[in-house]
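Try each task yourself before you read the solution.

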Amino acid sequence: MSTSERYVRAWEGFWAENTGEPGEPFWDADPSLTAAPHTALLAAHADRTLPVVDLGCGNGTQTRYLAGHFRRAVGVDLSPSAVAHARRADREAVAEFEQLDLTDLVGVRRLGDRLGEANVYLRAVLHQSDPADRAPVAASVALLLGRRGRGFVVEPTAAAKAVIQQAAERPGGPSDKLRQVRKHQLRPAEVAPGELRELLRGAGLEILEQGGTDLAMSERHPDGTRVALPAQWFVVAAAAEGRPGG
């Protein structure tokens, strides 16, 4: 089975077995905890009259929030079932959704040609990508930004594995949300320290701002506290001519 086929089987299998309701997936926290603070960081650098593209949009929870803060919002996902969930949940038709493989740079370029320069939101996609596919995903960000767009990239750090392990080993075993993740082999993968910076630089991107954060999940620990994964975030733009990124 090729890498692309494995991705499709895993993600389509997951979304086909889920209703797509907000909060159902392990990572699908309310936008007030995710897209809202991330948008505030991005907006300090971005032209919000440009469209925003939510890469790996899933059921569109975050895309619908972004649509209220940018002129146009487009969510893309590898899974046709995820796209169907997103369209169905968007009752007021505030956003647009379509199927797209982020490693298909020809398809990404076609989307960029249709939209023009755009802002990009990429939340916890790179760590789910096989190492060989991380550079193409980073390149897809650069292709969509053009010269005027700005991107927000946030990914769990290596420390997130311990948090997930803690959630999985609670009394009674993993929750239904984590069982679904494991069933479909949506395995979180470690992104080595410094790897994200190098991926972004290698894609021709300049890091305008960066920091650490806790990436909120929809899952809770037995004591009621929210599961939150240690993460790092970057605001990026196309690197200026003759100047290295970051």
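**Exercise 1.** Which residues does Phe26 touch, not counting residues up to four places away in sequence?

*Solution.* Some ground rules come ahead of the contacts. This is a predicted model, in which local features need pLDDT of at least 70 and side-chain atom pairs count only at pLDDT 80 or more, while totals for chains, interfaces and linings use all residues. Residues are numbered from 1 along each chain as its sequence is written, and side-chain values use heavy atoms, with hydrogens and water left out.

Step 1: take contact as heavy atoms within 4.5 Å. With residues up to four places away in sequence set aside, Phe26 touches Lys177, Leu178, Val181, Met217, Ser218, Glu219 and Val227.

Step 2: A nonpolar core is a set of buried Ala, Val, Leu, Ile, Met, Phe, Trp, Tyr and Cys residues joined through side-chain atoms within 4.5 Å; buried means under 20% relative accessible area, exposed over 50%, and partly exposed in between, with a 1.4 Å probe and protein chains only. The largest such core has 40 residues, and Phe26 is among those with the most contacts inside it, as are Trp27, Phe152, Leu186, Met217, Val227 and Leu229.

Step 3: look for a further core. A second, separate one has 28 residues, including Leu100, Leu196, Leu200 and Phe234.

**Exercise 2.** Work out the strand order of the sheet and find its edges.

*Solution.* Helices (H or I, at least four residues) and strands (E, at least two) are DSSP runs numbered from the N terminus, and two strands pair if DSSP finds at least two bridges between them.

Step 1: read off the order. 7 strands form an open sheet, 3-2-1-4-5-7-6, with mixed pairing. Strand 3 and strand 6 (205–220) are the edges; each has a single partner strand, so one side of each lacks a neighbour in the sheet.

Step 2: check some pairs. Strand 1 (residues 52–55) runs parallel to strand 2, joined by 4 bridges, and Val53 has Val74 as its bridge partner there. Strand 1 is also parallel to strand 4, again through 4 bridges, with Val52 partnered by Asn119. Strand 2 (residues 73–77) and strand 3 (residues 96–99) are parallel too, with 4 bridges.

Step 3: follow the chain from strand 2 through helix 4 (residues 80–89) to strand 3. This β-α-β crossover is right-handed: with the strands pointing away from the viewer, the path from the first strand over the helix to the second runs clockwise.

**Exercise 3.** Is Ser140 buried or exposed, and what does it touch?

*Solution.* Step 1: locate Ser140, which lies in helix 6. Helix 6 (residues 131–145) has 15 residues and reaches 23 Å from its first C-alpha to its last, close to the 21 Å expected at 1.5 Å a residue; the expected span is 1.5 Å times one less than the number of residues.

Step 1: apply the burial cut-off. Ser140 has 0% relative accessibility, so it counts as buried.

Step 2: list its contacts. Leaving out residues up to four places away in sequence, Ser140 touches Leu55, Leu102, Leu105 and Val108.

Step 3: look just past the helix. Gly146 follows helix 6 and has a positive phi, near 65 degrees.
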